[in-house]
Amino acid sequence: MKFKNFEFPANPGVIKAGITSNCHSGAQPGKNSVVENVSINPATVEGSGEFYGDDGLEACTRLQKMLREKTSGWLFAPCIVPIKAFLTDFEWQQSSKSKSYSYGFKFVEDCTQKSETENLSFVYASEGQNAFDIAFENGVSVDDIMTLNDLITPFDIEENDRVVLR
């Protein structure tokens, strides 16, 4: 995993990524309710792990400094496409017996500017995604996705498939 110019010596033991949306529902007399997806919330990535030895203390100190900088940077994690994010939480504790440093973190996607992730050349499909969903999310045409990935139908994409965009 990498954030800005800090590369974790090993991927954290636990990484959890999530994204949620805000929905609005309204009742219509004599009909079913209407539900609209109003907005998508920023993606979050959180997790925990351990650093070891003298380098572990240095890693904790660098991450604390990055948190205090209050600036976003590119986050590359195994479970998500790269996003621009803020480090919003970082906590750690030292174990004097094993000279290890347990840590926990949370990143929140920076939505203040237009996302640059649409310049990616590929993405990994999420559960239930099809070519239409991926095209819409990444600003490319369905035809391009179909051609570049040799798809017969827009629904031939499975979870975790590598989908070429450009």
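**Aromatic cluster, cores and charged pairs**

Phe 3, Phe 6, Phe 8, Phe 51, Phe 90, Tyr 103, Phe 105 and Phe 107 make up one aromatic cluster. This is a predicted model, so local features need pLDDT of at least 70 and side-chain atom pairs count only at pLDDT 80 or more, while totals for chains, interfaces and linings use all residues. Residues are numbered from 1 along each chain as its sequence is written, and side-chain values use heavy atoms, with hydrogens and water left out.

**Aromatic pairs**

- The structure holds 13 aromatic pairs. Rings of Phe, Tyr and Trp (its six-membered ring) pair if their centres lie within 6.5 Å; planes under 30 degrees apart count as stacked, over 60 as edge-to-face and the rest as tilted.
- Phe 8 and Tyr 103 form a tilted pair, at 6.0 Å centre to centre and 45 degrees between the planes. This pair links distant parts of the chain, 95 residues apart: Phe 8 is in the loop between S2 and strand S3 (14-18), Tyr 103 in strand S9. Helices (H or I, at least four residues) and strands (E, at least two) are DSSP runs, numbered from the N terminus.
- Phe 8 is buried at 4% relative accessibility, and Tyr 103 is buried at 4%. Buried means under 20% relative accessible area, exposed over 50%, partly exposed in between (1.4 Å probe, protein chains only).
- Phe 51 and Tyr 103 form a stacked pair, with 4.2 Å between centres and 15 degrees between planes. Phe 51 lies in strand S6 (residues 44-52) and Tyr 103 in strand S9, so this pair ties together parts 52 residues apart in sequence.
- Phe 51 is buried too, at 3% relative accessibility.

**Nonpolar cores**

- The largest nonpolar core has 21 residues; Phe 51, Leu 63, Leu 75, Leu 87, Phe 105 and Phe 107 touch the most other members. Such a core is a set of buried Ala, Val, Leu, Ile, Met, Phe, Trp, Tyr and Cys residues joined through side-chain atoms within 4.5 Å.
- S6, H1, S8 and S9 are the elements that give two or more residues to this core.
- A second, separate core of 12 residues includes Ala 135, Ile 145, Met 146 and Leu 165.
- Beyond its neighbours within four places in sequence, Phe 51 has contacts (heavy atoms within 4.5 Å) that include Phe 6, Pro 9, Ala 59, Leu 63 and Tyr 101.
- In soluble globular proteins, nonpolar side chains tend to be buried together.

**Charged side chains**

- The count is 2 salt bridges. The rule asks for a side-chain nitrogen of Lys or Arg within 4 Å of a carboxyl oxygen of Asp or Glu.
- Glu 69 bridges to Lys 4, with the closest N and O atoms 3.2 Å apart. Glu 69 lies in helix H1 (residues 53-69) and Lys 4 in the loop between strand S1 (2-3) and strand S2 (6-7), so the pair ties together parts 65 residues apart in sequence.
- Glu 69 is partly exposed at 39% relative accessible area. Lys 4 is partly exposed at 21%.
- Asp 54 and Lys 99 meet in a salt bridge at 2.7 Å, N to O. Asp 54 is in helix H1 and Lys 99 in the loop between strand S8 (83-95) and strand S9 (100-109), 45 residues apart.
- Asp 54 is exposed at 57% relative accessible area. Lys 99 is partly exposed at 41%.
- The charged end of Arg 162 sits over the ring of Phe 122, 3.8 Å from its centre. The test is NZ of Lys or CZ of Arg within 6 Å of the ring centre and within 35 degrees of the ring normal.
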